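I opened my notebook to record what I looked up, entry by entry.

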Amino acid sequence: MRTRLFLATALAALLGAGLAGVALADDSGMAAKGVRYTFVGHLLATPSNGQLAITVDNGSRKALRKMLGQSVNQTFAYGSETEFLKWSNGVPKVVQPGDLAAGDVVAVHLRAPHDATLAEIEAKPAGLVGDRGPNPDHPDKPLYLFRGKLTSVGESSVTMDVAGGVRRALRLMISQPASQTFRTDGTTIYLFWQGRVPAVIAATPRPG
């Protein structure tokens with residue numbers, strides 16, 4: 001099982017209403033073939049009997065394209081392999097479907113063929129469902145997400161070889177070395193992902 005370490009400040013870990021926030025988790029564990037779709041919205045009811053109904057008001061570009069001409073109220077499938085995460089102050093906790101409540105903002109992540117219809121996408125059990133509660137905080141600054149291999153951990157910094165990230169972050173990497181050092185402090189949250197299951201860990205300073 002693949003493992004990854006992701007670093008985020010408290011602000012970056014929140015990442016708005018759940019779309020980008022759970023993308024960290026989604027990328028760490030969903031290795032299934034197909035296009036990744038993310039649908040974000042408010043839960044209409046507590047998930048049960050393998051079904052999760054939401055009012056879609058956001059999502060990834062590919063997901064929103066599938067929503068054209070469709071009702072905002074959509075029902076998605078989940079199964080025994082679906083992971084449910086509930087986020088609080090940037091810290092995720094693995095929960096059960098019954099721990100989610102109507103009105104919570106959730107992000108439903110799943111994979112399906114690029115030419116699948118909305119109905120076909122919804123019939124596939126979600127890989128990950130991230131819950132951010134009824135009133136998630138919205139960041140007042142843009143997200144800069146860098147992905148790569150951790151090379152050293154200091155008392156107030158981490159160094160990594162950057163290999164990817166969001167477009168906004170990668171633009172800053174033009175003509176820059178791959179090895180970059182990022183500052184950390186008491187608000188930094190360290191998450192260790194094993195599959196789709198996260199754990200909050202402490203950073204242990206070590207040389208590169």
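Which residue stands opposite Phe182 in β11? I found Val158 there. This is a predicted model, so I note that local features need pLDDT of at least 70, side-chain atom pairs count only at pLDDT 80 or more, and totals for chains, interfaces and linings use all residues. Residues are numbered from 1 along each chain as its sequence is written, and side-chain values use heavy atoms, with hydrogens and water left out.

**Entry: the sheet**

β9, β10 and β11 form an open sheet of 3 strands in the order β9-β10-β11, with antiparallel pairing. Strands here are DSSP runs of E, at least two residues, numbered from the N terminus. Two strands pair if DSSP finds at least two bridges between them. β9 and β11 stand at the edges with a single partner strand each, so one side of each has no neighbour in the sheet. The twist averages 40° from one strand to the next. For that angle, axes are lines fitted to C-alpha atoms, and angles run from 0 to 180 degrees between N-to-C directions.

I then went through the pairings. β9 and β10 (residues 157–165) are antiparallel and joined by 7 bridges. A hairpin of 3 residues connects β9 to β10. Phe146 has Gly165 as its bridge partner in β10. Between β10 and β11 I noted 5 bridges, also antiparallel.

**Entry: aromatic pairs**

How many aromatic pairs does a search of the whole structure find? It finds 4. Rings of Phe, Tyr and Trp (its six-membered ring) pair if their centres lie within 6.5 Å; planes under 30 degrees apart are stacked, over 60 edge-to-face, and the rest tilted.

One of them is Phe39 with Phe76, tilted, at 4.8 Å centre to centre and 45° between the planes. Phe39 lies in β2 (residues 35–43) and Phe76 in β4 (residues 73–77), so this pair ties together parts 37 residues apart in sequence. Both Phe39 and Phe76 are buried (under 20% relative accessible area; exposed is over 50%, partly exposed in between, with a 1.4 Å probe and protein chains only).

I also looked up Phe146 and Phe182. Their ring centres are 5.0 Å apart and their planes at 45°, so this pair is tilted. Phe146 is in β9 (residues 146–153) and Phe182 in β11 (residues 179–183), 36 residues apart. Phe182, at 22%, counts as partly exposed.

Terms used:
Helices (H or I, at least four residues) and strands (E, at least two) are DSSP runs, numbered from the N terminus.
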